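Here is a short briefing for a reader new to this structure. Start with the view below, then take the topics in turn.

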Amino acid sequence: MSQTSPAPVDGQARAVSPLQLSVVVPTFNERDNVEVLFRKLEAALQGIAWEVVYVDDNSPDGTWQVLRDLALREPRVRCIRRVGRRGLAGACIEGILAASAPVAAVMDADLQHDETRLPAMLQLIENGSAELVVGSRYVEGGSADSFNRQRAGFSTAATEMARRVLKVEIADPMSGFFMIRRDRFEQLAPDLSTQGFKILLDIVASAHGSLRTVEVPFRFGSRLHGESKLDSMVALDFFGLVLAKFTNDILSLRFILFALVGSTGVIVHFTTLYLVLKTFGEPFALAQGAAALVAMTSNFILNNFLTYRDQRLKGFAILRGLLLFYLVCGVGLLANVGVAFAVFNAHVTWWLAGAAGALMGVVWNYAMSGLFVWRKR
Ligand code: GDD
Ligand code: MN
């Protein structure tokens, strides 16, 4: 029955040319946009062998169902549905890693990016002029008219900061529209942060100037359906990314957020201690215990909303996570005190000993929380 090389049905079945381009499109609540974009890609990419990989983070509006439907009819379309994860950068990374063509493009689903630029961008890579091509709003001929004043201001300031701190040379490192050689991307992928949304900046900074880059202008248009997912949190993500790259990845975005939350915990602790002690006149031991409990709880809530917002615990898992977090922090406190004592006994000044203990505590809490409380499913 089995045949090693099935005879071609007709000559055409064999004439399929190898893929040239994979277009990666991250989606979250874009059900009304995805097919419109696909039709536009079809029109723009005539004569090119291409596929499109949509990466959907389990959108509540059912974007992934619309995509499965489309993929049934259109063999060029693939859809990766991610569950239990959120994040633009992570979605783009998985999409590019799942791509089959030697070149991958990333673009938004909402038609704000100009798909008619893709063939010219591909040509720059295929003829060897570039390894990375950036669709840029800030070079001659590009624009971002659709931005409101506030967003335009933030975008310009963030761009300036990234360029100075990270010595990134390109005009628009915040663009969400770019094309890259997949082999180069695969080399960099292990260094990229899946959190946040500045994947291009991350790529450029991680490459340390080794990527031959060309920028092409495009007009950043207006969104078709739905609304933007970038909230004020992205500003935080952005500063975290700059800091992480500036310290050569010694400090990760998550660790920085975790430590920041930890320092708010110190304030919460002392405020509670003061209140219980002075206002309610309770004994010190009780006040200290209550303060620690309140601080751990507020740390947990903040970490769940901020540090681990892409893996946020929900429903019953919150309670389980909270109890585990108490446990982790309890052991962390022992480690903290132990290290501080050891250092202090070695005749080091009190504040250095204290700092060593605190550092030990936060590193422990961070490592163990990642392992047990917000572990990847
Ligand atoms: N899978 C996935 N997961 N996709 C997401 C997520 C997410 O958590 N968040 C956003 N997206 C998708 C959106 O559905 C859209 O297709 C694309 O990513 C961009 O999101 P928008 O919400 O439209 O972002 P924007 O238009 O405000 O920002 C764009 O312009 C910025 C430049 O100012 C993006 O291209 C940014 O990357 C870019 O920096
Ligand atoms: Mn958009």
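What is the volume of the largest cavity? The largest cavity has a volume of about 50 Å³. This is a predicted model, in which local features need pLDDT of at least 70, side-chain atom pairs count only at pLDDT 80 or more, and totals for chains, interfaces and linings use all residues. Residues are numbered from 1 along each chain as its sequence is written, chains are lettered from A and ligands numbered from 1 in the order in which they are written, and side-chain values use heavy atoms, with hydrogens and water left out.

**Overall build**
- The chain has 13 helices and seven strands. Both are DSSP runs numbered from the N terminus: helices are H or I with at least four residues, strands E with at least two.
- Its C-alpha atoms fill a box of roughly 85 × 55 × 40 Å along the principal axes.
- Of the 377 residues, 44% are buried. Buried means under 20% relative accessible area, exposed over 50%, and partly exposed in between, with a 1.4 Å probe and protein chains only.

**The cavity**
- The structure holds one cavity of 30 Å³ or more.
- On a 1 Å grid over the protein atoms alone, a cavity is a set of points where a 1.4 Å probe fits but cannot get out; a pocket is an open set with protein on both sides within 12 Å along at least five of seven lines; lining residues have an atom within 4 Å of a point.
- Grid points are joined across faces, edges and corners, and a volume is the space filled by probe spheres set on the points.
- Residues lining the largest cavity include Ala89, Lys198, Asp202 and Leu253. Helix H8 (199-207) and helix H9 (233-246) each give two or more residues to this lining.
- The lining has five nonpolar, three polar and three charged residues. Ala, Val, Leu, Ile, Met, Phe, Trp, Tyr, Cys and Pro count as nonpolar, Asp, Glu, Lys and Arg as charged, and the others, Gly among them, as polar.

**The second largest pocket**
- This pocket has a volume of about 900 Å³. Of its 27 lining residues, Gly262, Val266, Leu333, Asn336 and Asn365 are the closest to its centre.
- Helices H10 (253-279), H11 (284-307), H12 (316-345) and H13 (350-373) each supply at least two lining residues. H10 gives the largest share, eight residues.
- The lining has 15 nonpolar, twelve polar and no charged residues.

**Ligands**
- The manganese ion (ligand 2) has Asp110 (OD) and Gln112 (OE1) as protein donors, 1.9 to 2.0 Å away. Donors are N, O and S atoms within 2.8 Å of the metal (3.2 Å for Na, K and Ca); water is not among the atoms, so sites may look incomplete.
- Both Asp110 and Gln112 are buried.
- Ligand 1 contacts the backbone at two residues named here: a nitrogen of the ligand is 3.1 Å from a polar backbone atom of Thr27, and an oxygen is 2.9 Å from one of Phe28.
- A polar side-chain atom of Arg223 lies 2.7 Å from an oxygen atom of ligand 1.

**Two single residues**
- Ser143 sits in the loop between strand E5 (132-136) and helix H6 (149-166). Its relative accessible area is 14%, so Ser143 is buried.
- Tyr366 lies in helix H13. Tyr366 counts as partly exposed because its relative accessibility is 21%.

Technical notes:
A polar contact is a pair of N or O atoms within 3.5 Å; within protein, one must be able to donate a hydrogen and the other to accept it, and residues adjacent in sequence count only if both atoms are side-chain atoms.
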